[in-house]
Amino acid sequence: PATHSTAADPAPQMSLSSRSTALCAAAAAAATTFAILAAASRLRRRSAVGDDNGPKKTNGNSSSSSSSSSSSSPSAATSAPLLGPAASGDLDAVRSAVESLRSTGASDSEVRSFADATDGDGNGAVHGAAFAGSLDVLTYLVEGCGADPSVGNGLGCTPLWLAAGYGQEDALRYLVRLARDG
């Protein structure tokens, strides 16, 4: 049994092929799920920031700490304040928000926490920048703010995985280099 060649016994090849197919299907499903969650997050942010009609106003902030991950209250939009600008590649907005925090005397640790803040789906600014392929924002977050480039979101997707999955080659090269040089 240990000396069987794969040519004489097609079952191991089929098994590997089946596993590869299942893995590809799972990766595609995860990418689709992330795209749906990202779109839902954008919609929640837009409604919390823009047309605040009815339910958003009545939620208030009284229970934001216990329900921020399960509701679309205004606190969900502000739990990751850099995610939107990072995902749209707006380095000026990201830098301005960070510099505004620094001007209050925030420590490096507080700046890092601000840069690493996530929404209810576990997506942070580094996820948004990697997803969008915004290398300048990604570099600023990691090197200028100390953001963690290896953190997984709620689905376990890291910025590296997102950059690879969405064909963001420059962001991918940067994240691979960081992982390699770690």
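User: How many aromatic pairs does the structure hold?
Analyst: This is a predicted model, in which local features need pLDDT of at least 70 and side-chain atom pairs count only at pLDDT 80 or more, while totals for chains, interfaces and linings use all residues. Residues are numbered from 1 along each chain as its sequence is written, and side-chain values use heavy atoms, with hydrogens and water left out. Rings of Phe, Tyr and Trp (its six-membered ring) pair if their centres lie within 6.5 Å. By that criterion, the number of aromatic pairs in the structure is one.

User: Is the pair of Phe131 and Tyr166 stacked or edge-to-face?
Analyst: A pair of aromatic rings is described by the distance of the centres and the angle of the planes. Planes under 30 degrees apart count as stacked, over 60 as edge-to-face and the rest as tilted. The ring centres of Phe131 and Tyr166 are 4.6 Å apart and the planes stand at 70 degrees, so the pair is edge-to-face.

User: How many residues apart are Phe131 and Tyr166?
Analyst: Helices (H or I, at least four residues) and strands (E, at least two) are DSSP runs, numbered from the N terminus. Phe131 belongs to helix H8, whereas Tyr166 is in the loop between helix H10 (159-165) and helix H11 (169-181). The pair thus links distant parts of the chain, and the separation is 35 residues.

User: Is Tyr166 buried, partly exposed or exposed?
Analyst: Buried means under 20% relative accessible area, exposed over 50%, and partly exposed in between (1.4 Å probe, protein chains only). Tyr166 has 26% relative accessibility, so Tyr166 counts as partly exposed.

User: Which elements do the buried residues of H9 pack against?
Analyst: In H9, the buried residues are Val137, Leu138, Tyr140, Leu141, Val142 and Cys145. In soluble globular proteins, nonpolar side chains tend to be buried together. The buried residues of H9 pack against helix H5 (83-87), H6, H7, H8 and H11.

User: Over the face of which residue does Arg95 lie?
Analyst: A charge sits over a ring if NZ of Lys or CZ of Arg is within 6 Å of the ring centre and within 35 degrees of the ring normal. Arg95 is at 5.0 Å from the ring centre, and the residue concerned is Tyr140.

User: Is Ser134 buried or exposed?
Analyst: Ser134 lies in the loop between helix H8 (125-132) and helix H9 (135-145). Leaving aside residues up to four places away in sequence, Ser134 touches Ala86, Gly89 and Ala129, where contact means heavy atoms within 4.5 Å. With 8% relative accessibility, Ser134 counts as buried.

User: What separates the C-alpha atoms of Ala163 and Ala130?
Analyst: Ala163 lies in helix H10 and is buried, with a relative accessible area of 1%. Beyond residues up to four places away in sequence, Ala163 touches Ala130, Gln168, Ala171, Leu172 and Leu175. Ala163 and Ala130 are 33 residues apart along the chain, yet the separation of their C-alpha atoms is 5.0 Å.

User: Which residues are linked in a network of salt bridges?
Analyst: A salt bridge is a side-chain nitrogen of Lys or Arg within 4 Å of a carboxyl oxygen of Asp or Glu, and the whole structure has four of them. Arg173 meets Glu169 at 3.4 Å, N to O, and Asp170 with its closest N and O atoms 3.1 Å apart. The network therefore comprises Glu169, Asp170 and Arg173.

User: How many disulfides are found in the whole structure?
Analyst: A disulfide is a pair of cysteine sulfur atoms within 2.5 Å. Cys145 counts as buried at 5% relative accessibility, and Cys157 does at 4%. The number of disulfides found is zero.
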